[in-house]
Amino acid sequence: MDYKSIFISDVHLGTKGCQAEALDNFLRHNNSDKLYLVGDIVDGWKLHKKIYWPQSHSNVIRKIIGKARKGTKVYYIPGNHDDVLRRWMDMDLRFGKIKIVLDRVHQGVDGKKYYVVHGDAFDGITRLAPWVAWLGDSAYEVTQGLNRWYNKLRKTLGMGYWSFSKFLKHNVKKAVDFVFQFEKNITAYCDSKGYAGVICGHIHTPDIKKIDGVTYMNCGDWVENTTALVEHHDGSFEIVDYQNKVG
């Protein structure tokens, strides 16, 4: 498929939960004029503790670099897991032809302005109590480990993939409240700046909806989900679920 823009976030290369093969296939079969990497592409938190880097993760990096060489405008917006890149934001930082920026205002085909940012600064926990975020990340890692084991069993039994972590996020009240507050915080900021909408990641929950007149779009992730946000040439936006697209 050919799109005007593709937005991908929360790949978490360097972790066992990363669905790198699926993303590699998605990038191989989908092209765009612009490609936004909306944070947490490489998981520096995990790599700092233990190196895990299979060939499939290198393949994703090569695909992205290859697209940039062939003329796709690629923007890398760091998240909290790859926040080491934020230390050099005062320079015109580039990795080959990939430009690294703290955030960006994307002008859509419809002429409207959309604020593109990872989003961790708007969740309260990461910004005000980073140590709580670290604890939450460790708990999330345990959940992902259980998830992988459970889905290996399901695959053996001929059953499809099921995300335990996604189930918890949608059914535990505190998690639901956290997602709701995050969405309210980030859309309120965009409204104050006069942006028509926001494109973000961070919470691993793909969505497109209106919140108090502001268009909220979350790319999702490539750990629990295999989703990307795409902008069509007619100006419309869509969440593409790669697993469902390929059956």
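Reply: A salt bridge is a side-chain nitrogen of Lys or Arg within 4 Å of a carboxyl oxygen of Asp or Glu. Please note that this is a predicted model.

Me: Which residue forms a salt bridge with Lys-209, and how far apart are the closest N and O atoms?

Reply: The partner of Lys-209 is Glu-183, and their closest N and O atoms lie 2.8 Å apart. The pair connects distant parts of the chain: Lys-209 belongs to strand β9 (residues 207–211) and Glu-183 to helix α7 (residues 173–193), 26 residues apart.

Me: Is Glu-183 buried or exposed?

Reply: Glu-183 counts as buried because its relative accessibility is 6%, under the 20% limit. Lys-209, at 31%, is partly exposed.

Me: What does Lys-184 pair with?

Reply: Lys-184 forms a salt bridge with Asp-212, again with a closest N to O distance of 2.8 Å. Here helix α7, which holds Lys-184, is linked to the loop between β9 and β10 (214–218), which holds Asp-212; the two residues are 28 apart in the chain.

Me: And how accessible is Asp-212?

Reply: Asp-212 has a relative accessibility of 62%, so it counts as exposed. Lys-184 is partly exposed at 29%.

Me: How many salt bridges does the structure hold?

Reply: There are seven salt bridges. One of them joins Asp-33 and Lys-4, at 3.2 Å from N to O. Asp-33 sits in strand β2 (residues 31–37) and Lys-4 in strand β1 (residues 2–8), 29 residues apart. Asp-33 is partly exposed, at 36%, and Lys-4 is partly exposed as well, at 32%.

Me: Changing topic: at what angle do helix α1 and helix α3 pack?

Reply: Helix α1 (residues 20–29) and helix α3 (residues 55–69) pack at about 20°, and their axes are 8 Å apart. The two helices are therefore roughly parallel, since the angle falls under 35 degrees. The crossing of α1 past α3 is left-handed.

Me: Which residues make the contact?

Reply: On the α1 side they are Ala-20, Glu-21, Leu-23, Asp-24, Leu-27 and Arg-28. On the α3 side they are Ser-56, His-57, Asn-59, Val-60, Lys-63, Ile-64 and Lys-67.

Me: What is the make-up of that contact by class?

Reply: The contact of α1 with α3 has five nonpolar, three polar and five charged residues.

Note on methods:
Residues numbered from 1 in each chain as written. Predicted model: local features only at pLDDT ≥ 70, side-chain atom pairs only at ≥ 80, totals over all residues. Heavy atoms only, no water. Helix = DSSP H or I, 4+ residues; strand = E, 2+ residues; numbered from the N terminus. Buried < 20%, exposed > 50% of the residue type's maximum accessible area, 1.4 Å probe, protein only. Axes fitted to C-alpha atoms, helices over the stretch in contact; angles between N-to-C directions. Parallel < 35°, antiparallel > 145°, perpendicular 65-115°, else oblique. Left-handed = near helix turned anticlockwise from the far one by under 90°. Contact = heavy atoms within 4.5 Å. Nonpolar A, V, L, I, M, F, W, Y, C, P; charged D, E, K, R; others polar.
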